[in-house]
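Student: I would like to learn how to read the features of a protein model. Can we go through them one by one?

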Amino acid sequence: MRAEMKSEIIDDLLKMAVKNARKVVDVKELGERTLLIEDLGYDSIDFMELIIQIEGKYDVEFGGTEILLSNLNSINIIADFIQKKLQERKDG
Amino acid sequence: MDDAQLMQVARYAYKEVPFYSNLAKEKNICIDSIKSKENFIVLPLINKDMFQKGNRYTLSERYYSYPYSSRIMIRRTSGSTGKYLKIYWDFQDDIRSLIELWYNRKKYYGIHPRDKYCFFYTTEYNANKLVEEADTSLAIDKRSLGFSKNDLNKAKIIEICKKMYEFDPVYLLVQPSMAVLIMECMKENRLPRLRSLRYIELTGEMLLDTVRDSIENFFNCAVSNQYGCNETNCIASERGDGELYIHASNVYVEIIRNGIVVPDGECGDIYVTSLTNYAMPFIRYKTGDQGILGKKDGRQTLTLVKGRESQFIIDEERNKLPFYIFIRPIEHINEHLGTIVNQFQIVQLSINRFIVRFSINPSYSGWKKTIENLFISNIKQATLENAEWVFEYKDNLYPDNFTGKLSYFSNEMGE
């Protein structure tokens with residue numbers, strides 16, 4: 001169940017991430033190991049766009065200390081972060 | 001901020017950057033034994049003098065060669081300390097360092113990264129080369145419009161205001177002294193307010209409450225303060241409540257007095273460790289400002305105690321000019337002759353009479369006349385053309401006892 005949920009999140013994230021990408025990429029070539037800066041050419045403005053989209057879609061909030069490089073540059077780690085936030089909300 | 005990120009950047013610096021690895025040898029420090037914030041404090045405190053002397057050895061060795069060398073961008077510090085330093089950033093690290101600032105702008109002030117804004121610059125660089133300015137304004141792209149702070153006078157400020165009205169920015173990134181000049185010009189000439197303006201971000205100088213209030217009241221929009229430096233980018237910014245919150249994703253901040261870290265609530269020198277600059281790491285680096293750390297809603301706050309106060313040059317037409325116009329000639333000297341001006345300080349004694357103090361690299365002592373000519377020819381301020389410049393050369397220029405900083409401009413006319 002958890003694996004399915006993460007897989008869905010990754011699919012959604014990749015679609016969102018590609019919309020802001022500065023490099024032309026095919027979403028089919030991307031996966032959980034995709035790095036936003038290195039692979040998609042993200043700048044800080046693109047990150048901001050993505051954060052806004054993630055917060056809107058999942059109703060989660062990135063606090064100051066959570067906006068760490070390790071949380072944001074990798075699709076896999078962003079997916080883990082979202083999954084953790086959703087689980088916390090579910091557990092009440 | 002987690003300890004892991006701090007330890008990672010410290011280990012990287014002490015292993016990959018000759019300046020730090022030499023320090024480790026000198027102080028007999030084993031970086032692998034530094035595993036938490038508790039023993040992080042054994043690492044030496046660094047200041048700008050040490051960085052200047054460290055020269056290219058302050059750059060990470062991996063950035064000496066391709067492909068890393070192609071990712072480098074260079075910034076110049078000229079700040080109120082009056083000490084010149086080239087700062088190297090990896091483009092990708094620069095992006096990472098700014099994410100939290102953008103997050104705060106959006107969340108607390110509704111400013112979107114694609115909103116239009118105006119800013120002011122002293123010198124502009126393109127592909128790391130100093131750009132000669134042909135105009136007072138520079139449109140970098142469709143969303144930003146920059147204005148040179150050189151050769152300002154009342155007529156030019158009116159011209160800037162007109163261009164702002166045409167451009168219709170949503171926000172301004174501006175130093176308090178420049179915001180005041182724009183405000184005074186608009187008041188004096190009964191110019192209308194900027195229609196779409198929703199936000200002003202003030203940075204680069206100590207922000208006095210009275211100045212902030214007058215800017216907020218006049219422009220009738222949200223005003224926030226941002227504290228940072230070129231070495232680390234943003235250190236702290238506001239979140240709508242007047243407090244400066246530390247950017248924990250970008251910097252680790254310590255307050256130090258007499259070499260010892262002081263607890264929250266106590267005043268001391270601000271030292272920062274950049275968590276994102278890997279090309280030229282800054283580990284326990286003195287900013288030159290003083291402050292007090294605190295906590296609010298579980299987040300670390302910073303109160304600035306003594307920062308960069310704005311002072312104005314008075315020209316022969318009694319115009320107030322921002323002191324930034326002196327940065328341009330210094331940058332020209334260092335750009336064209338190599339980095340030979342280590343420190344500078346300019347004092348206005350009376351209308352059209354200035355003392356210029358330089359501390360230069362001793363091996364260039366035969367270049368004084370060239371330095372002086374380059375300085376005067378690059379001021380580019382018509383109303384200072386008749387000024388008399390008295391040059392003095394010192395081994396070192398020392399910070400003011402009261403401010404704790406070496407102010408690079410001081411007006412001693414008593415006005």
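Tutor: Start with burial: buried means under 20% relative accessible area, exposed means over 50%, and partly exposed lies in between (1.4 Å probe, protein chains only). B:Phe391, with a relative accessible area of 16%, is therefore buried. This is a predicted model: local features need pLDDT of at least 70, side-chain atom pairs count only at pLDDT 80 or more, and totals for chains, interfaces and linings use all residues. Residues are numbered from 1 along each chain as its sequence is written, chains are lettered from A and ligands numbered from 1 in the order in which they are written, and side-chain values use heavy atoms, with hydrogens and water left out.

Student: What share of chain B counts as buried?

Tutor: Of its 415 residues, 57%. Chain B exposes about 17,700 Å² (Shrake-Rupley method, 1.4 Å probe; for residues, only the protein chains shown count as cover). Carbon and sulfur atoms supply 48% of that area.

Student: How many helices and strands does chain B have?

Tutor: Both are DSSP runs, numbered from the N terminus: helices are H or I with at least four residues, strands E with at least two. Chain B has ten helices and 23 strands.

Student: How many aromatic pairs are there over all chains?

Tutor: Rings of Phe, Tyr and Trp (its six-membered ring) pair if their centres lie within 6.5 Å; planes under 30 degrees apart are stacked, over 60 edge-to-face, and the rest tilted. The whole structure holds 27 such pairs. Take B:Tyr117 and B:Tyr171: their centres are 5.0 Å apart and their planes at 20°, so they are stacked. B:Tyr117 lies in strand β3 (residues 117–121) of chain B and B:Tyr171 in strand β8 (residues 171–174) of chain B, so the pair ties together parts 54 residues apart in sequence. B:Tyr117 is buried at 14% relative accessibility, and B:Tyr171 is buried at 0%. By contrast, B:Phe375 and B:Phe391 pair edge-to-face, 5.8 Å centre to centre with 90° between the planes. B:Phe375 sits in helix α10 (residues 368–377) of chain B and B:Phe391 in strand β22 (residues 388–393) of chain B, 16 residues apart. Ring pairs also place B:Phe375 and B:Phe391 in a cluster, whose members include B:Trp389 and B:Tyr393.

Student: Which lysine lies over the face of B:Tyr393?

Tutor: A charge sits over a ring if NZ of Lys or CZ of Arg is within 6 Å of the ring centre and within 35 degrees of the ring normal. Here B:Lys368 lies over B:Tyr393, at 4.6 Å from the ring centre. In chain A, A:Lys57 lies over the face of A:Tyr58, at 5.8 Å from the ring centre.

Student: In which sense do β8(B) and β9(B) run?

Tutor: Two strands pair if DSSP finds at least two bridges between them. Four bridges join β8(B) to β9(B), and the strands run parallel. B:Leu172 has B:Ile200 as its bridge partner in β9(B).
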